Every structure is written in C-alpha cells, then in structure tokens.
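Subject: Structure handover

Hi,

Here is the structure I promised to pass on to you. My notes on it follow below, with the cut-offs spelled out where each term comes up.

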Amino acid sequence: MENVLHIDLNKAISEIDDRLYGSFVEHLGRAVYGGVYEPTHPTADEDGFRGDTAALVRELGVPVIRYPGGNFVSGYRWEDGTGDKAKRPRRMELAWQTIETNEVGVDEFQKWTRKVGAELMMAVNLGTRGPEEARDLVEYCNGTLDTHFAEMRRNNGFEEPFGVKLWCLGNEMDGEWQICHKDAREYARAAREAAKMMKWTDDSIELVACGSSHANMPTFGTWEETVLRECYDVVDYLSLHSYYGNPDNDTAKFLACSLDMDAFIKQVAAICDRIQAELGQERKMMLSFDEWNVWFHSNEQDKEIPKWSIAPPQLEDVYNLEDALVVGCLLMTLMKNADRVKIGCLAQLVNVIAPIMTENGGRVWRQTIYYPYLHALQYGHGVALDVKCDCETYAAGEHARVPYIETAAVYNAERGEVVVFAVNRDLENALPLRVELENASLIEHIVVTSEHVTDINTADEEKVFPTPGKTENGVSVLPPKSWNVIRYKI
Ligand code: AHR
C-alpha cells in the first residue's frame with residue numbers, strides 16, 4: 001500500500017487553543033529548587049532564578065504553567081509562600097515526604113512565569129483546605145479592592161494584581177494517594193462551593209474541575225458524572241490526567257499508547273455531552289488534559305530516596321528516543337482533539353519527569369522529549385486539520401490496528417503554512433509518505449531519530465536531536481522510529 005496523507009484545508013477539526021501546549025511545575029523533587037530557582041547558581045538572576053533554565057523555557061515558548069501541584073497542593077497552605085522569606089515556615093510535606101522550605105511561593109513563581117513569558121495556571125487546595133482558603137488566594141492574586149488579602153499582597157511588595165485567570169479546583173481528588181482524598185460526592189460539593197466563592201471574588205476567572213486521575217481508576221465514569229451534575233454550571237473545564245510507560249520493554253505496544261489517550265479523551269467528551277443533555281445545558285464542557293507524559297523510568301530509584309530531605313532527585317526520568325516518539329504521538333493526539341481539549345500540560349517542565357534537566361550548580365540540557373514538544377510549540381498553532389492517512393497497521397496489546405504512521409496537520413493561515421507532524425512507528429523500515437496537498441511547496445523537513453530507541457541525551461552528549469529530513473516531489477522519507485515535522489508553504 002502507498003502511504004498517503006490526504007490534506008484538505010476545508011476540513012478543520014478546530015482552531016488550536018495556544019494553551020494546549022502548556023506545562024506544569026510542582027513543588028516536588030528538584031523542579032523548583034535546583035531547577036527553576038537556585039540563588040547560588042552562576043546564571044542566577046537578582047531573584048534567584050536560574051538564567052539557563054529560564055532561557056530554555058523561553059526557547060520553548062511555554063504558554064501556560066500549572067502550579068504548585070500536583071499532589072503537593074492538597075496539603076499546601078498558600079500563605080506559607082508569601083511575604084518575608086526569613087519568616088516562612090519549614091514544613092513536613094506529606095505528599096512527597098520531603099521538607100518544604102517555602103523559599104518559593106506564589107509571590108516568586110508568578111514573577112518567574114512573567115520572566116519566561118508564560119501564563120500562570122493556579123491550583124487550589126481542596127484536600128486539607130476548602131472553599132474559603134481558595135477564594136482568599138483568588139483575592140490575594142487578583143484583588144483590586146481595599147480588602148485584607150489584596151492589601152496583604154500590596155504589603156508584600158506587589159501593588160499590581162497578578163491577574164491569574166486559570167484555576168484548578170484541587171488535584172486528583174479521586175485518588176486514595178491524595179492528601180484528604182474525597183469520594184465523588186464529597187469532592188463535587190466542595191468544588192461547587194469553592195467555584196462559586198472564587199468566581200464571586202473575581203468573575204473573570206476560569207475553573208477546571210477534577211476529572212479522573214487516569215482511565216483505569218475504578219471510579220472513572222461515575223466520578224465525572226457526579227462532578228458534572230453538581231458543578232456543570234460553575235466550571236469551565238473538566239480535567240484528565242494520564243501517564244504512560246514501557247515497563248515490559250515492548251516498544252511496539254508502548255508506541256501505541258496514544259490510541260489509549262485518544263479513547264480516554266473521547267470517552268470523557270461523551271460523558272460531558274451526555275450530562276450536558278441531561279441537564280439541558282447550552283454550553284459544551286471543554287477539557288483540560290493538565291497532566292500527561294511518560295513516567296516510569298524513575299520508579300525504582302525513587303524508592304531509595306530517604307524521606308524528609310530538601311529537594312531530592314525525585315521522578316527524574318531519563319528519557320530515550322522511544323519516549324520522544326511517544327510524546328510526539330501524544331502531542332498529535334491532543335492536536336487531533338483540539339475541538340474538546342483546550343488546555344494541555346506536559347507534566348512536568350524541569351527535572352521532574354521533564355524535558356529540561358539541570359545539575360545543581362551546574363549544567364542544563366534538553367532531554368529527548370524536549371524536541372517534539374518544542375516543535376509543537378513552534379509549529380502547532382493554527383487550525384488542526386481532519387486529515388486521512390493511508391498506511392499499513394500492526395497489532396499491539398489491546399489494539400488490533402495501530403497505524404505505522406501517526407500523523408497530524410495544522411494550517412496556520414497567518415504564516416501561510418501547513419505543517420505535517422508524523423511518527424514512523426516502524427522500528428526497522430523507513431517509510432515513504434506522499435503528502436497530498438494542493439499548491440504546496442516544501443519549506444523544510446525536520447527529523448528526530450537515532451540509532452537505538454534507547455538512546456538518551458545527557459549533559460555531556462546529545463544523541464537525539466533534530467536534523468534535516470529528506471523530502472522530494474511531495475514524498476517524505478520517514479526514517480525508522482522517527483519524529484518528523486514537514487512544513488509546506490501554501
Ligand atoms: O506529576 C507527578 C504527580 O502525578 C502529580 O503530583 C500528581 O497529580 C500525579 O499523580
């Protein structure tokens with residue numbers, strides 16, 4: 001069979017929301033301390049932020065960053081991270097069993113997001129805390145009146161409001177691992193009341209309610225129904241989380257996990273639509289896939305980390321080529337569901353299951369997954385097109401028909417460009433792909449591949465990085481196990 005990608009500019013899925021390619025920084029491991037913030041680092045700026053890390057985050061152009069958790073947020077007192085640093089408490093942090101020094105909090109992090117050109121997406125604690133503390137934080141961040149928490153912000157040196165628009169109503173509250181986990185009914189009630197109070201404090205904010213922590217949760221489905229029935233009219237998005245791994249060392253199956261992500265999104269969207277109809281709501285519920293990535297490499301090493309240390313090297317997955325291909329497939333899946341998924345957060349950004357790695361006091365480098373993420377950020381803006389790809393398939397795990405070539409295409413009218421993204425899942429063979437697109441001339445073809453799927457990048461050597469690809473007469477050669485970006489001028 002000839003591999004053909006049929007592209008029709010009139011067949012749009014949706015405009016892609018720029019926030020689809022967001023990220024996430026949690027108070028966990030060395031994400032903040034040693035990653036984003038290290039006052040003694042040679043590149044540190046006047047606020048203690050690492051200049052080398054900030055430069056890579058700027059290079060990526062991350063639009064939105066979720067903060068401060070994650071599991072961390074469910075035990076967090078936000079006031080701990082405000083005001084005079086000398087007076088901030090050290091706390092036992094129960095989610096990750098470390099010591100939190102609170103040197104960085106919302107005061108500092110909002111400053112950092114401005115410096116790197118990102119919007120802040122704030123999560124509130126609906127574990128140990130509730131609606132009142134959540135609305136207090138909204139007032140602290142966004143308040144403009146002469147009232148207690150807005151005044152507290154001003155006294156801390158921030159005359160202007162932070163203007164945080166996007167808020168998560170807790171984190172993974174369906175999970176038993178969560179500090180003060182709740183059942184669906186308990187969560188839904190707390191989320192509704194928090195949502196009302198937060199929006200009464202600032203009616204310009206948008207809210208994300210917790211969906212399921214992953215598609216295999218025993219409560220998946222009923223959780224969404226309960227939360228939506230209670231909160232539909234007061235929230236703007238429902239969240240999804242999912243992490244993927246290759247513990248059985250079955251690359252063909254691992255590369256197919258984007259099909260699971262696709263099914264998960266479609267199932268959640270269907271539940272939303274059913275509850276929308278049941279409630280007679282006019283507005284479609286949109287989705288926030290605010291934690292997704294590959295996460296499994298560090299599971300064993302994390303068991304060795306002693307408890308109650310400060311910023312230990314937790315969740316430091318070292319990513320290889322196959323992980324980069326999976327991240328590429330997952331990014332394409334988000335693009336192809338851009339009509340429902342408006343916000344996406346690659347979890348996470350620095351050191352903790354991250355595209356950017358640092359040494360304390362030392363170097364910074366780009367992990368393999370950095371590159372597909374960078375390319376989506378650079379070229380994945382515009383309208384996601386409903387393309388059709390003819391190619392052979394293979395069977396893997398529960399999937400009978402996994403396409404050897406995963407594709408997505410985005411039309412950017414402003415630039416006059418159509419960008420094709422493609423992963424060749426064939427581990428042995430290069431595959432030719434003919435792109436059927438009228439009046440198109442090639443700008444460039446970028447390839448990311450390497451000799452072995454296990455090749456990694458380190459501070460000393462980068463094995464997985466972009467190189468020019470081969471496209472002639474509309475036919476691109478997709479090397480075995482490769483990520484491809486093919487840009488056309490139209
Ligand atoms: O990103 C790491 C953790 O994964 C987050 O804290 C949590 O929300 C999820 O389980």
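Pro-89 sits in the loop between β4 (64–67) and β5 (91–93); helices (H or I, at least four residues) and strands (E, at least two) are DSSP runs, numbered from the N terminus. Before going further, please note that this is a predicted model, in which local features need pLDDT of at least 70 and side-chain atom pairs count only at pLDDT 80 or more, while totals for chains, interfaces and linings use all residues. Residues are numbered from 1 along each chain as its sequence is written, and side-chain values use heavy atoms, with hydrogens and water left out.

Back to Pro-89: it counts as partly exposed because its relative accessibility is 26% (buried means under 20% relative accessible area, exposed over 50%, partly exposed in between, with a 1.4 Å probe and protein chains only). Not counting residues up to four places away in sequence, Pro-89 touches Asp-80, Glu-100, Thr-101 and Asn-102, where contact means heavy atoms within 4.5 Å. Pro-89 and Thr-101 are 12 residues apart in sequence, and their C-alpha atoms are 6.6 Å apart in space.

Next, the largest pocket, which has a volume of about 960 Å³. A pocket here is an open set of points, on a 1 Å grid over the protein atoms alone, where a 1.4 Å probe fits, with protein on both sides within 12 Å along at least five of seven lines; lining residues have an atom within 4 Å of a point. The volume is the space filled by probe spheres set on the points, which are joined across faces, edges and corners. The lining has 39 residues, and those nearest the centre are His-214, Asn-216, Ser-242, Tyr-243 and Tyr-244. β10 (237–244), α7 (251–254) and α8 (257–279) each supply at least two lining residues, and α8 gives the most, with five. By class, the lining has 18 nonpolar, 13 polar and eight charged residues (Ala, Val, Leu, Ile, Met, Phe, Trp, Tyr, Cys and Pro count as nonpolar, Asp, Glu, Lys and Arg as charged, and the others, Gly among them, as polar).

Helix α8 also holds Ala-269, which counts as buried because its relative accessibility is 8%. Leaving aside neighbours within four places in sequence, Ala-269 is in contact with Leu-287 and Arg-340.

Strands β1 (residues 4–6) and β21 (residues 431–436) pair in the parallel sense over three bridges, and His-6 has Glu-436 in β21 as its bridge partner.

Another open sheet has seven strands, ordered β2-β15-β19-β20-β26-β22-β23, with antiparallel pairing. β2 (12–15) and β23 (465–468) are its edge strands. Four bridges join β22 (residues 441–449) to β23 in an antiparallel run, and Val-447 has Thr-467 in β23 as its bridge partner. Helix α10 (residues 321–336) packs on this sheet, touching β2, β15 (383–385), β19 (405–412), β20 (417–424), β22 and β26 (482–489), and its direction makes about 50 degrees with that of β19.

Best wishes

Notes:
Two strands pair if DSSP finds at least two bridges between them. Axes are lines fitted to C-alpha atoms, for helices over the stretch in contact, and angles run from 0 to 180 degrees between N-to-C directions.
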